[in-house]
Every structure is written in C-alpha cells, then in structure tokens.
Amino acid sequence: MSVEILEDLLTDELKDLYSAEKQIIRALPKLIKAVTTPELREGLTTHLEETKGQVARLERIGEILGKKMSGKTCVGMKGVLEEGS
C-alpha cells in the first residue's frame, strides 16, 4: 500500500470520527434536557464536554495534516442517533 493511499485512508477515517463526534455534540443537549435523573444528566453533561475536547483534538490533527475534517457524514452514528430518537 502506498503512502498516498495510507494518507487518504487516515484522512477518511479522521473525517468519519469528526462527523460522529459533531453529531454527538448536536444530540446530547436534547438528551440532557430530556433526562430526569440527576446522575444521568451529570454523566451526559460530562460526556458532552469530553466530546467537545475530542472535536478540538481532531481539528488540531486536521491542521497538522493540512486537511479539513468536514465534508463527510458518519453514516453509522447517524443511524444510531436516528434509532435512538
């Protein structure tokens, strides 16, 4: 496998992860509002903050590689969130 193909694969996977994390960031506030258990609300809020950190790290990786992380939709996460709603 050539370096270019490996770089394309890496970029594609990073974009997929970025999309999944961004979808989670959009979905979690709705879940946080809907839950009634304080412990669950706290856990989801913590997870939201951790996910924002993941997005920031992925954006930094994109900067280092000179690639934009947007432009791809993680179909798997989209399906999970649609089923969950």
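Predicted model: local features only at pLDDT ≥ 70, side-chain atom pairs only at ≥ 80, totals over all residues.
**Entry 1: overall fold**

I started with the secondary structure. I count three helices and zero strands in the chain. Read from the N terminus, the order of elements is α-α-α. Helix α1 covers residues 3–34. Helix α2 covers residues 38–65. Helix α3 covers residues 75–84, and a loop lies between α2 and α3.

Next I looked up the dimensions. The C-alpha trace spans about 50 × 25 × 20 Å along its principal axes. I noted a radius of gyration of 15 Å for the chain, whereas a compact globule of 85 residues would have one near 12 Å.

**Entry 2: burial, surface and contacts**

How much of the chain is buried? I found that buried residues make up 27% of the 85 residues. The accessible surface comes to about 6,200 Å². Carbon and sulfur atoms hold 58% of that surface.

I then turned to contacts between residues at least 6 apart in sequence. Of these, 70% join residues at least 24 apart.

I listed the salt bridges and got five for the structure. As a reminder to myself, side chains of opposite charge can pair when their charged atoms come close.

I went to K72 and its partners. The side chain of K72 meets that of D12 in a salt bridge, at 2.9 Å from N to O. This pair links distant parts of the chain, with D12 in helix α1 and K72 in the loop between α2 and α3, 60 residues apart.

K72 also forms a salt bridge with D16. Here the closest N and O atoms are 3.9 Å apart. The cut-off is 4 Å, so I keep this pair on the list. D16 sits in helix α1 and K72 in the loop between α2 and α3, so this bridge ties together parts 56 residues apart in sequence.

Taken together, D12, D16 and K72 are linked in a network of salt bridges.

D12 is partly exposed, at 32% relative accessibility. K72 is partly exposed too, with a relative accessible area of 29%.

I moved on to R60 and E63. Their side chains meet in a salt bridge, at 3.3 Å from N to O. Both residues belong to helix α2. They are three residues apart, so about one helical turn separates them.

R60 is partly exposed at 47% relative accessibility. E63 counts as exposed at 56%, because the cut-off for exposed is over 50%.

**Entry 3: a nonpolar patch**

Which residues make the nonpolar surface patch? I found L10, I61, I64 and L65, with an area of about 340 Å². Helix α2 gives the most to this patch, with three residues. L10 is found in helix α1.

I looked up L10 separately. Its relative accessible area is 42%, which makes L10 partly exposed. Patch residues need over 30%, so L10 passes that cut-off.

**Entry 4: recap**

Helix α2 holds the R60 and E63 pair and gives three residues to the patch.

How values were computed:
Residues numbered from 1 in each chain as written. Heavy atoms only, no water. Patch = residues over 30% accessible without salt bridge, like charges linked within 9 Å, V, L, I, M, F, W, Y side chains within 5 Å. Areas by Shrake-Rupley, 256 points an atom, 1.4 Å probe, with all protein chains shown as cover. Helix = DSSP H or I, 4+ residues; strand = E, 2+ residues; numbered from the N terminus. Buried < 20%, exposed > 50% of the residue type's maximum accessible area, 1.4 Å probe, protein only. Rg over C-alpha atoms; globule rule 2.2 N^0.38 Å. Contact = heavy atoms within 4.5 Å.
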